[in-house]
Amino acid sequence: MSKTTGRGTRPVRLGPRAVAALVLISAIGVVAFGWPLLAGADSGLAHSQDAPWLFAALLPLLVGVVVAMIADAGLDAKAVAMLGVLAAVGAALRPLGAGTAGLEPMFFLMVLSGRVLGPGFGFVLGSVTMFASALLTGGVGPWMPFQMLSMGWFTMGAGLLPGPDRLRGRAELLMLAAYGAVAAFAYGTVMNLYGWTIVPGLGSGISFHPGDPVPENLVRFLAYCTATSAGWDLGRAVLTVVLTLTVGTALLKALRRATRRAAFEAQVTFDVPDE
């Protein structure tokens with residue numbers, strides 16, 4: 001038996017089972033975030049009631065993605081261990097900037113890790129990292145499964161960027177920095193959609209009105225994002241860009257070296273002895 005690997009390190013490929021699990025998770029997430037926009041005025045919005053059901057659906061699906069990738073790509077225990085190490089590091093980084101103008105260093109680690117690991121492992125890494133950080137900081141609440149989904153999408157997006165086996169050097173860093181800036185605002189916007197629908201007493205121009213037409217509520221939502229979180233999202237985006245451009249090269253090399261040693265791309269072949 002022999003193992004062969006390419007010189008380059010490409011993200012973990014996704015098989016049909018992993019793709020199906022990711023599509024299902026994302027569909028559930030879109031419904032979880034968006035259903036208040038379609039609810040009636042007397043619906044009694046309460047994300048605190050649907051959050052446990054979302055969390056209960058999310059965990060087995062995350063396990064399903066990992067199992068599907070192990071079955072499709074032949075990953076071993078070292079690859080799963082690396083996922084755990086990165087999640088622990090990301091969880092440890094989050095409290096360093098939490099509560100300070102959106103300065104959250106874990107986001108740049110998620111961008112680079114998603115780039116190296118690929119969309120499937122990236123989604124699982126982002127979700128597990130947010131779960132671990134919530135346990136570490138005591139931030140467990142009805143918002144947690146929504147944060148897990150948002151961070152999973154954030155990290156998965158980095159794994160979907162083009163040219164993972166060709167684009168290297170400064171061009172890759174610039175692309176990752178640009179993605180990190182845009183995705184930092186997208187993360188904040190998606191999480192705003194969770195909070196905006198349940199916070200009463202806002203100004204009439206930015207309040208959510210259950211039962212109103214979706215376009216009218218979306219206009220108020222954009223005003224809400226501008227008034228409440230634009231500065232926070234800007235801080236997150238700027239820090240992600242700065243860290244990506246300054247230490248991104250070294251970290252990408254380290255992650256790619258680790259994935260090669262973990263045999264992420266190893267293809268096992270069996271040699272038939274000559275008779």
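View 1. At 18% relative accessibility, Met175 counts as buried, because the cut-off for buried is under 20%. The model shown here is predicted. Met175 lies in helix 7. Setting aside neighbours within four places in sequence, Met175 is in contact with Arg115, Leu161, Pro162 and Leu167. Take Pro162 as one of these partners. Met175 and Pro162 are 13 residues apart in sequence. Their C-alpha atoms are 9.4 Å apart in space.

**View 2. The largest nonpolar core.** This core has 62 residues. Which of them touch the most other members? They are Ile25, Phe146, Met151 and Phe154. Helix 7, residues 170–196, gives the most to the core, with 10 residues. In soluble globular proteins, nonpolar side chains tend to be buried together.

**View 3. Ile25 and its contacts.** Ile25 is among the core residues that touch the most other members.

**View 4. Helix 6, mostly covered.** Helix 6 runs over residues 144–159 and has 16 residues. Is this helix mostly covered or mostly exposed? Mostly covered: 15 of its 16 residues are buried. From its first C-alpha to its last, helix 6 reaches 23 Å. That is close to the 22 Å expected at 1.5 Å a residue.

View 5. Phe185, Leu234, Val238 and Val242 make a nonpolar surface patch of about 320 Å². Helix 9, residues 230–261, supplies the largest share, 3 residues. Phe185 lies in helix 7.

View 6. A search of the whole structure finds 6 salt bridges. One of them joins Arg236 to Glu104. Their closest N and O atoms are 3.0 Å apart. The pair links distant parts of the chain, 132 residues apart. Arg236 sits in helix 9. Glu104 sits in the loop between helix 3 (77–97) and helix 4 (106–117). Both Arg236 and Glu104 are buried.

View 7. Arg236 counts as buried, at 4% relative accessibility. Asp233 counts as buried too, at 4%. Glu104, Asp233 and Arg236 are linked in a network of salt bridges.

View 8. Where do Glu216 and Arg220 lie? Both are in helix 8, residues 214–228. They are 4 residues apart, about one turn of the helix. An α-helix has 3.6 residues a turn, so residues three or four places apart point the same way. Glu216 and Arg220 form a salt bridge, with the closest N and O atoms 3.9 Å apart. Glu216 is partly exposed, with a relative accessible area of 42%. Arg220 is buried, with a relative accessible area of 14%.

Conventions
Residues numbered from 1 in each chain as written. Predicted model: local features only at pLDDT ≥ 70, side-chain atom pairs only at ≥ 80, totals over all residues. Heavy atoms only, no water. Core = buried A, V, L, I, M, F, W, Y, C linked by side-chain atoms within 4.5 Å. Buried < 20%, exposed > 50% of the residue type's maximum accessible area, 1.4 Å probe, protein only. Helix = DSSP H or I, 4+ residues; strand = E, 2+ residues; numbered from the N terminus. Expected span 1.5 Å × (residues − 1). Patch = residues over 30% accessible without salt bridge, like charges linked within 9 Å, V, L, I, M, F, W, Y side chains within 5 Å. Areas by Shrake-Rupley, 256 points an atom, 1.4 Å probe, with all protein chains shown as cover. Salt bridge = Lys/Arg side-chain N within 4 Å of Asp/Glu carboxyl O. Contact = heavy atoms within 4.5 Å.
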